[in-house]
Amino acid sequence: LTLRQLLIDLRMPTARLRILALLTDGLGHLSGGHLLTALYQHAQHGDTRHAELVQSILCAASRPWFDILYTWTTQGVLSDPHHEFFVTERHDVDDQYLWRDKYNIDKSRIPQGILEMELVAPAFNVGKGINFIRRCLLDGKWTMHLDNGDDETSQGGFDQDLGYCYIPHGDGNMALQRTLARAA
């Protein structure tokens with residue numbers, strides 16, 4: 001093993017570590033939708049090694065956010081312990097004002113490039129509607145049936161065990177669009 005071979009062998013791991021250091025230093029203070037937006041913007045980099053690494057990180061980092069979105073749009077439950085999701089809940093509002101005042105959209109938390117803007121309002125309304133059925137109509141056992149009888153559930157960013165997910169070069173919002181269409 002010569003010094004030249006060692007330098008060549010260490011070039012790729014060193015470049016990977018440099019990218020990870022860049023992301024850690026630049027994005028360490030961000031969370032939730034802000035972090036996903038910043039990672040998405042970094043994934044648009046011209047260097048394919050940089051873009052592939054950031055896209056793999058973005059796929060893993062977006063999983064918890066998409067789990068919250070999945071729970072909100074299918075069960076009407078807002079489980080956001082770190083306040084990173086675009087739907088905010090006011091705990092001081094009584095259930096009789098649920099539709100008008102209990103839930104709001106925080107537009108600054110919407111991850112740009114990850115969730116299409118035309119899906120924000122329908123996703124918000126579906127979750128709020130399911131929540132209204134459960135709380136105001138006192139139908140706590142109500143559930144939305146997601147099986148549609150075809151093989152499309154395994155495509156387009158949806159897996160019945162995992163929910164929605166980010167797909168880098170594809171339409172990852174197809175599963176969300178189908179869910180919103182069925183819910184409507």
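Predicted model: local features only at pLDDT ≥ 70, side-chain atom pairs only at ≥ 80, totals over all residues.
**Exercise 1.** Leaving aside neighbours within four places in sequence, find which residues Phe86 is in contact with.

*Solution.* Start with the cut-off: contact means heavy atoms within 4.5 Å. Residues are numbered from 1 along each chain as its sequence is written, and side-chain values use heavy atoms, with hydrogens and water left out.

**Exercise 2.** Work out which residues of the largest nonpolar core touch the most other members.

*Solution.* First, the term: a nonpolar core is a set of buried Ala, Val, Leu, Ile, Met, Phe, Trp, Tyr and Cys residues joined through side-chain atoms within 4.5 Å. Buried is under 20% relative accessible area, exposed over 50%, partly exposed in between (1.4 Å probe, protein chains only). Next, the core has 36 residues, and Trp65, Leu69, Phe85, Phe86, Val87 and Leu115 touch the most other members. Finally, α3 gives the most, nine residues. Helices here are DSSP runs (H or I, at least four residues), numbered from the N terminus.

**Exercise 3.** Check the span of α2, then list its buried residues and what covers them.

*Solution.* The expected span is 1.5 Å times one less than the number of residues. Buried in α2 are Gly32, Gly33, Leu36, Thr37, Ala38, Leu39 and Ala43. Their cover includes α1 and α3.

Definitions and conventions. Helix = DSSP H or I, 4+ residues; strand = E, 2+ residues; numbered from the N terminus.
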